[in-house]
Structure formats: C-alpha cells, structure tokens
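Subject: Structure handover

Hello,

Here is the structure I promised to pass on. Please open it alongside this note. My findings follow below.

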4 protein chains.
Amino acid sequence: MVRYVETDQMGYVHHSCYVAWFEMGRIAWLREHGCPYSQLEAQGILMPVVHLDLRYYVPGRFEDRLVIQTRLSEIGRASIGFENRVERENDAAEKRILLAEGKVELACVGRDGKVKRLPNDLRAFLEKRYA
Amino acid sequence: MVRYVETDQMGYVHHSCYVAWFEMGRIAWLREHGCPYSQLEAQGILMPVVHLDLRYYVPGRFEDRLVIQTRLSEIGRASIGFENRVERENDAAEKRILLAEGKVELACVGRDGKVKRLPNDLRAFLEKRYA
Amino acid sequence: MVRYVETDQMGYVHHSCYVAWFEMGRIAWLREHGCPYSQLEAQGILMPVVHLDLRYYVPGRFEDRLVIQTRLSEIGRASIGFENRVERENDAAEKRILLAEGKVELACVGRDGKVKRLPNDLRAFLEKRYA
Amino acid sequence: MVRYVETDQMGYVHHSCYVAWFEMGRIAWLREHGCPYSQLEAQGILMPVVHLDLRYYVPGRFEDRLVIQTRLSEIGRASIGFENRVERENDAAEKRILLAEGKVELACVGRDGKVKRLPNDLRAFLEKRYA
C-alpha cells in the first residue's frame with residue numbers, strides 16, 4: 001500500500017521510492033528463502049548496490065496496492081543480481097498493471113569495505129534458488 | 001532549498017521532513033561550535049532522540065529557501081535539548097516567515113544502548129555555549 | 001517490518017520514520033472505518049499536521065515486526081487528534097514492547113489553504129467512532 | 001553535506017539518496033539556466049522519470065561534502081536526458097572522488113498524464129544549453 005509520504009506534488013509516487021521497494025523485495029526474498037539479510041551482516045558481509053537500472057511505465061498513486069516481484073537473475077564471483085517488477089493490484093480486472101521494473105547489482109563487501117568473493121555457503125545457497 | 005522529493009501530493013513539504021531539518025540544524029550547530037557529531041560517535045556516544053515536539057504554522061513549498069535556526073535549550077544529567085525554528089526567506093519583505101518550530105530532547109547513550117551521564121568534557125563544552 | 005532504508009548509522013530506525021508510521025496508522029484507521037483519506041482530498045479537504053508530540057522509549061531495528069496502534073483522541077471545531085503507539089511484536093513473550101508513542105493534531109484546511117470547520121458528515125462520522 | 005537521516009546501518013549513505021540528489025542536480029541546473037521546474041509545472045508540463053541508470057563506485061558517508069554535477073545529455077521528441085556525477089570534496093588532495101554517476105531520462109507529460117512533445121520554447125531553451 002503506497003504511503004502518503006511517498007507521494008510528491010505531481011500527485012504520483014516519487015520515483016526514488018521504487019528503489020526502496022526493490023530493496024524490500026530482495027530482502028523479503030532472502031528471508032523467505034531462509035537467509036535473512038541481517039544474518040549476512042552478522043557474518044560481516046555487506047551487499048551494497050553497485051548498479052541500478054530502472055524503467056518506469058505507469059505512475060503509482062497514493063493507496064495503490066502493490067506487489068513487488070523479485071527474481072535472482074545473476075550470481076557473479078563477487079556480486080549478485082536481482083530483477084524486480086512493481087505491479088499494481090487491479091480490483092476490476094484480473095491482470096496486474098506493471099508500474100516499473102529493473103535490475104539491481106549488489107557487490108559482496110567485507111567490513112573493511114573491500115570487495116570479496118561470495119562465501120561458498122552463500123554461493124551454494126543462491127545457486128540452489130537460481131536454476 | 002526545499003527538494004522536490006520532500007513535497008507530497010498536497011503540494012506542500014511533507015511534515016516528516018522538518019524532523020530531518022531539525023537534525024541538520026543541530027548537527028550543523030555542533031560542527032560550527034567545534035564538536036562534530038561524528039566525533040561524538042567515534043567516542044562511543046550516541047544521541048538518539050527521545051522526545052520531539054513540533055508545531056507547524058505555515059506550509060513549506062517546493063523551491064522555498066529556508067533557514068533553520070538552532071538553539072541549545074537544555075543540558076540535563078544524561079540528555080540535551082535543542083530548540084529549532086524553520087523560517088522561509090522572503091525576497092519581497094525583510095521579515096522571514098516562521099513555518100515551524102519545536103523542541104528535541106536527545107539522550108546520551110553508550111554503544112551498549114544504556115543511558116549514561118554526559119561526559120564531563122562534552123558538558124563543559126555545552127555549558128560554555130549555553131549561557 | 002522495518003525497511004533497511006529506514007535504518008541509520010546508529011544501527012537503529014531513524015526517528016523521523018515514526019512520523020511516517022503514525023501517518024500510515026491514521027490513514028489505515030480512516031480507510032478501515034470507511035472514510036479513505038483520498039476521498040477526503042477528493043472533497044477538497046486537506047488534513048495537514050499542525051502539532052506533533054512523540055516520545056521514544058526503545059529503538060526499533062531492521063526487520064523488526066511492528067504494530068501501529070491508532071486511536072482517535074480528539075475532535076475539535078476545525079481539527080482532529082490521533083494518538084499512536086508503535087509496538088514491536090515479540091516472538092518469545094506474549095507482550096509487545098512499546099517503542100514509541102505520541103499525539104498528532106491535524107487541521108482541517110480547504111484547497112485555498114484556509115482553515116475551515118470540519119464538514120458535518122465528517123464530524124458525525126468521527127463522533128460515532130470516538131465514544 | 002550528507003544528512004544523518006541519509007545514512008543506513010551499513011554506515012554509508014543509502015543508495016536511494018543519490019536518486020534524490022540527481023533530482024536536486026537537474027532542478028538546480030534548470031533554475032540556474034533560467035527555467036525553474038516550478039515554472040514548467042505551472043505551464044502544465046510534468047517531467048516524470050522514465051529511466052534511471054546509476055553506477056556506484058565509492059560509498060558516501062555522513063558529513064561528506066558533495067558536489068553534484070549535471071549535464072544535459074539528450075533532447076528527444078518528448079523526453080530529456082541528464083547525466084549526473086556525485087563527487088566528494090577532498091580536503092587533502094585537489095582531485096574530487098567520484099562516488100556515483102548515472103543517466104536519467106524524463107518524459108514530457110501533460111496534466112492528463114499523456115506523453116506530449118516538448119513545447120517549442122522549452123526545446124529552443126534546451127538546445128541553446130546543449131551544444
């Protein structure tokens with residue numbers, strides 16, 4: 001459900017909100033697959049965003065009911081890619097309307113800020129969810 | 001200068017933005033008085049907000065030029081109080097227009113999350129700026 | 001569920017997020033009671049916040065599961081007051097933990113920005129939910 | 001200057017903040033070139049973002065002093081493209097450090113939400129700043 005604070009004076013959802021929603025999507029994805037992001041951080045693994053590519057098709061509005069789709073799309077040596085779709089639930093019709101979609105690439109970084117290879121257990125975990 | 005992202009669909013600045021502006025005000029106050037907040041954190045002192053009291057008089061708008069006034073208003077055993085005023089610059093007239101004002105009380109907390117007395121050097125520093 | 005974007009470098013939820021959560025609470029309250037906020041806006045009634053009073057007791061953290069309680073606490077001539085409590089769900093114990101609570105006063109304002117009396121139907125609607 | 005509210009629990013600036021900074025950059029660019037965004041909106045022209053492509057190189061931190069570079073990079077039939085760079089001022093060295101860069105494509109949309117050609121005067125204005 002779109003929050004009032006997420007609207008702007010155009011009367012739409014501000015485009016920066018989708019960036020936070022994509023994040024909610026991948027954090028929910030990790031949690032649902034048994035690997036909460038907070039657990040990664042506790043192991044000293046940070047996953048900062050290094051690349052963001054987003055396309056907006058239809059503006060979101062206050063009180064829209066949204067669904068955030070998340071798909072693991074890439075497993076690199078030291079990075080992960082997710083694809084997201086933000087869709088609006090549609091009471092009248094059966095089909096959801098695609099508001100925006102995009103890709104996010106996250107680097108694997110240690111507490112020292114240096115890029116590091118994905119730990120083997122994380123890689124194994126991700127590969128099982130990828131195929 | 002009000003950011004576009006800070007507006008909402010009423011066409012005004014969202015009321016939560018003032019909370020961030022008050023924070024900017026007190027952080028600038030600390031820095032200008034020679035005690036940057038990052039230095040406090042480096043010493044293991046966190047200053048979370050424990051009480052917030054804000055009154056809104058005139059709505060802010062996109063591209064308004066604002067001035068944030070900050071005044072140290074209280075030094076407690078384990079807390080500090082600041083008073084803030086957010087004013088709009090007014091090209092036509094000399095007088096600025098008061099948009100909102102309020103008080104913020106911050107607790108002094110250690111890395112362990114426990115409230116602790118203000119360190120003596122911080123207290124001495126604040127008392128010099130208070131009188 | 002606390003979003004990652006809502007945390008700050010203290011490791012807690014930023015105190016300004018509660019302001020948005022209170023808003024979510026009262027907007028959900030209105031919708032659940034059959035009077036969606038978007039409907040008020042469509043009638044030319046804006047409800048900007050004029051007073052905010054918030055106390056923080058326990059910091060929120062990333063991935064906390066929160067409950068926002070909302071209670072209509074005042075019906076004025078041209079204003080409404082809500083009280084909110086933000087509580088953390090607690091898996092171990094039965095009791096929820098109170099993170100923050102506060103009061104918000106909203107003015108009734110027309111599209112022209114002028115304060116106006118609550119419309120009679122809105123007042124009647126609110127009084128039924130108040131007693 | 002990075003705001004405290006813009007940090008997250010990694011201790012860095014949250015990646016969604018750059019999206020708002022890019023927006024600040026292009027709005028400042030328009031204003032400095034004599035075409036404030038609010039004036040476009042007053043003429044019934046909205047410029048929603050339709051594509052966002054951002055690369056992050058070095059994380060921003062609290063109290064960093066940043067410079068946002070903005071360049072008009074494309075003038076389409078019904079769209080405009082801007083390129084932005086976010087750089088950190090560096091006291092020690094002369095060279096600024098590039099934190100992030102990216103492209104933003106904005107559509108030209110009327111109050112009815114329909115895409116429309118750039119008005120001739122806006123196109124002429126932009127073309128003069130482009131060469």
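Predicted model: local features only at pLDDT ≥ 70, side-chain atom pairs only at ≥ 80, totals over all residues.

**Helix α1 of chain B**

The helix covers residues 17–32. Its 16 residues should span 22 Å at 1.5 Å a residue, and the end C-alpha atoms are 22 Å apart, so the two agree. The buried residues of α1(B) include Cys17(B), Tyr18(B) and Val19(B). Trp21(B), Phe22(B) and Glu23(B) are buried too. Just after the helix, Gly34(B) has a positive phi of about 85°.

**The sheet of chains A and D**

Next, the sheet. Eight strands make an open sheet, with antiparallel pairing. The order is β2(A)-β3(A)-β4(A)-β1(A)-β1(D)-β4(D)-β3(D)-β2(D). At the edges stand β2 (66–75) of chain A and β2 (66–75) of chain D. Each has a single partner strand, so one side of each is left without a neighbour in the sheet. On average, neighbouring strands are turned by 15° against each other, direction ignored.

Within chain D, β3 (residues 79–88) and β4 (residues 97–107) run antiparallel and are joined by 10 bridges. Phe82(D) stands opposite Val104(D) in β4(D). Two helices of chain D pack on the sheet. Helix α1 (residues 17–32) touches β1 (49–56), β2, β3 and β4 of chain D. The direction of α1 makes about 70° with that of β2(D). Helix α3 (residues 120–130) touches β2 and β3 of chain D, and its direction makes about 115° with that of β2(D).

**Where A meets D**

How many residues does each chain bring to the contact? Chain A gives 17 residues and chain D gives 17 residues. On the side of chain A that touches chain D, α1 (17–32) and β1 (49–56) are the elements that give two or more residues. The largest share of that side, eight residues, comes from β1(A). The residues of that side divide into 12 nonpolar, three polar and two charged.

The two β1 strands carry the sheet from one chain to the other: β1(A) and β1(D) pair in the antiparallel sense over five bridges. There, His51(A) stands opposite Arg55(D) in β1(D).

Best wishes

Note on methods
Residues numbered from 1 in each chain as written. Chains lettered and ligands numbered in written order. Helix = DSSP H or I, 4+ residues; strand = E, 2+ residues; numbered from the N terminus. Expected span 1.5 Å × (residues − 1). Buried ≥ 20, exposed ≤ 12 C-beta atoms within 10 Å, placed from the backbone. Pairing = 2+ DSSP bridges. Axes fitted to C-alpha atoms, helices over the stretch in contact; angles between N-to-C directions. Contact = placed C-beta atoms within 7 Å. Nonpolar A, V, L, I, M, F, W, Y, C, P; charged D, E, K, R; others polar.
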